[in-house]
Amino acid sequence: QVQLVESGGGLVQAGGFLRLSCAASGSIFNSAAMGWYRQAPGKQRELVATITRGGNTNYADSVKGRFTISRDNAKNTMYLRMNSLKPEDTAVYYCAAGYILGATMVPDYWGQGTQVTVSA
């Protein structure tokens, strides 16, 4: 059984930073592409960043240059370093495991989500 557990969310002032972690159990991590999604109140869930097993990354335009996705395959853990946070980054952030399809990701598994709130 695959489990994805996020941590690291919280309340931060605009301009600050947070680092999210996603710990994966099961064998999925070694074969899967991983990604971070977010969902703000009243909005659809959107893809933030993806990383393949080999370390190739892709980012939404809204976070390019501010967020960095990474993974430690030995620890079955993925990270999202978020710098220069803006109030519009406020959302529930979800970890996902799946596969890359073209320019996007198809998630097979989801974490439970972690709240990120950026105050002005």
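Modeller: Before we start, a helix is a DSSP run of H or I with at least four residues and a strand is a DSSP run of E with at least two, both numbered from the N terminus. This is a predicted model, so local features need pLDDT of at least 70 and side-chain atom pairs count only at pLDDT 80 or more, while totals for chains, interfaces and linings use all residues. Residues are numbered from 1 along each chain as its sequence is written, and side-chain values use heavy atoms, with hydrogens and water left out.

Biologist: Thanks! Where is S84 found, and what is its phi near?

Modeller: S84 is found in the loop between β8 and β9. Most residues other than glycine have a negative phi. S84 is a residue other than glycine, yet its phi is positive, near 45 degrees.

Biologist: Is S84 buried, exposed or something in between?

Modeller: We go by relative accessible area, where buried means under 20%, exposed over 50%, and partly exposed in between (1.4 Å probe, protein chains only). S84 has a relative accessible area of 43%, so its class is partly exposed.

Biologist: Which residue's backbone oxygen lies 2.9 Å from a polar atom of the R66 side chain?

Modeller: R66 is found in the loop between β6 (57–59) and β7 (67–72), and it is buried, with a relative accessible area of 10%. Contact means heavy atoms within 4.5 Å, and beyond four places in sequence R66 is in contact with several residues, including R81, N83 and D89. A polar contact is a pair of N or O atoms within 3.5 Å; within protein, one must be able to donate a hydrogen and the other to accept it, and residues adjacent in sequence count only if both atoms are side-chain atoms. The backbone oxygen that lies 2.9 Å from the R66 side chain belongs to S84.

Biologist: And which residue's backbone nitrogen does the side chain of T90 reach?

Modeller: T90 is in the loop between β8 (77–82) and β9 (91–101). A polar atom of its side chain lies 2.9 Å from the backbone oxygen of P87. The side chain of T90 also reaches, at 2.9 Å, the backbone nitrogen of V118.

Biologist: How many residues of strand β4 are buried?

Modeller: Strand β4 covers residues 33–39 and is largely enclosed by the rest of the structure. Of its seven residues, the number buried is six.

Biologist: Which residue of β9 does M34 stand opposite?

Modeller: Two strands pair if DSSP finds at least two bridges between them. β4 pairs with β5 (residues 46–51) in the antiparallel sense over five bridges, and M34 stands opposite I51 in β5. β4 and β9 also pair in the antiparallel sense, over seven bridges. In β9, M34 stands opposite A97.

Biologist: Which residue in the turn between β4 and β5 has a positive phi?

Modeller: β4 and β5 form a hairpin with six residues between them. The turn residue with a positive phi, about 75 degrees, is G42.

Biologist: Which residue does a disulfide join to C22?

Modeller: A disulfide is a pair of cysteine sulfur atoms within 2.5 Å, and a search of the whole structure finds one. C22 is buried, with a relative accessible area of 0%. Its partner, at an S to S distance of 1.9 Å, is C95.

Biologist: How many residues apart in sequence are the parts that this pair ties together, and is the disulfide left-handed or right-handed?

Modeller: C22 lies in strand β3 (residues 18–25) and C95 in strand β9, so the parts are 73 residues apart in sequence. The torsion about the S-S bond is about -60 degrees, so the disulfide is left-handed.
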